[in-house]
Amino acid sequence: ETRNRFGDEYKTLFRKEDLCDDIIKYMFFIFGNTMIIESFVKPIKKLIDVTKETERDISKEDYDFLMNEMITKLTQTIPNVLKILLKLVYINVRKVFTIDEDNFAPLYTLLIFNFIISPRVQNIYSINSMKCTFVRSLNRLIRNTCYNFHFDEKDPLSPFNELIEENNKKLKNFVEGCIMSINENDEGVKKSLSDLFTEKYLIYPK
């Protein structure tokens with residue numbers, strides 16, 4: 001449906017606010033709560049009080065610390081259901097769009113751009129990029145790291161360009177080692193999926 005509307009351009013994926021996109025995006029809202037707290041919310045709040053230090057900007061040390069924490073905690077906490085969802089997205093994007101084999105941009109859009117650094121999600125956890133310079137800079141850095149883009153030399157964040165490629169490689173290693181490597185036919189993985197809507201996994205009203 002996306003290709004029919006926008007042509008052979010994978011960058012148009014998951015940028016719309018329609019029902020098809022929302023069904024996929026809401027999988028992250030349902031199953032990614034612990035993941036985002038551990039990989040993003042807690043690391044930021046170790047470094048800065050986002051409600052008070054609104055003018056403090058991010059340093060290179062902060063950026064490296066937060067990228068390492070985010071990738072480590074994502075590896076530890078991303079649930080199998082989201083790993084499989086992301087793997088299926090990757091497989092099907094490559095069937096429908098012209099895209100290099102090691103290009104994980106659609107997965108970064110879905111996991112990071114539409115979830116971890118989504119304004120809607122960050123506001124839920126009282127991380128407001130509109131008010132806090134640190135968070136606003138961090139979101140821009142994460143975005144450029146995902147897509148391996150350098151900042152213009154006049155941009156205040158251009159000194160971070162030397163670190164972007166290195167952290168992009170770390171993200172790629174995370175995708176290859178944690179997401180693409182999952183075996184959806186493994187009995188343990190199958191069991192974790194069959195338990196999703198049982199009281200072993202979720203407590204919900206009768």
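Residues are numbered from 1 along each chain as its sequence is written, and side-chain values use heavy atoms, with hydrogens and water left out. Because the model is predicted, local features need pLDDT of at least 70 and side-chain atom pairs count only at pLDDT 80 or more, whereas totals for chains, interfaces and linings use all residues.

Secondary structure elements are DSSP runs numbered from the N terminus, with helices (H or I) of at least four residues and strands (E) of at least two. Helix 6 (residues 105-116) is largely enclosed by the rest of the structure, since 11 of its 12 residues are buried. Here buried denotes under 20% relative accessible area, exposed over 50%, and partly exposed the range in between, with a 1.4 Å probe and protein chains only. The buried residues of helix 6 include Ala105, Pro106, Tyr108, Asn114 and Phe115.

Helix 6 packs against helix 3 (residues 33-47), the two axes coming within 12 Å and crossing at roughly 80 degrees. Axes are lines fitted to C-alpha atoms, for helices over the stretch in contact, and angles run from 0 to 180 degrees between N-to-C directions. The two helices, helix 3 and helix 6, are therefore roughly perpendicular to each other; this class covers 65 to 115 degrees, while angles under 35 degrees count as roughly parallel, over 145 as roughly antiparallel and the rest as oblique. On the side of helix 3, Met35, Ile36, Ser39 and Phe40 meet Leu111, Phe115 and Ile116 of helix 6, where contact means heavy atoms within 4.5 Å. The residues of this contact divide into 6 nonpolar, 1 polar and no charged. In this division Ala, Val, Leu, Ile, Met, Phe, Trp, Tyr, Cys and Pro count as nonpolar, Asp, Glu, Lys and Arg as charged, and the others, Gly among them, as polar. Helix 3 also holds Lys42, which is partly exposed at a relative accessible area of 43%.

When neighbours within four places in sequence are left aside, Phe174 is in contact with Ile71, Leu74, Thr75, Ile78, Leu111 and Ile179.

With a disulfide taken as a pair of cysteine sulfur atoms within 2.5 Å, the count comes to 0 disulfides. The cysteine sulfur closest to that of Cys132 belongs to Cys146 and is 19 Å away, too far for a bond. For Cys146, the closest cysteine sulfur is in Cys178, at 15 Å, again too far for a bond. Both residues are buried, Cys132 at 0% relative accessibility and Cys146 with a relative accessible area of 5%.

Most residues other than glycine have a negative phi. Ser126, however, has a positive phi near 60 degrees; Ser126 lies in the loop between helix 7 (119-124) and helix 8 and is partly exposed at 46% relative accessibility. A positive phi, near 55 degrees, also occurs at Asn148, in the loop between helix 8 and helix 9, where Asn148 is partly exposed at 34% relative accessibility. The loop between helix 8 and helix 9 also contains Phe149, partly exposed with a relative accessible area of 44%. Not counting residues up to four places away in sequence, Phe149 touches Asn144 and Ile164.

Beyond its neighbours within four places in sequence, Glu1 is in contact with Lys16 and Asp18. In helix 2, Asp21 is buried at 4% relative accessibility, and Asp21 is in contact with Phe14, Arg15 and Lys16 when neighbours within four places in sequence are left aside.
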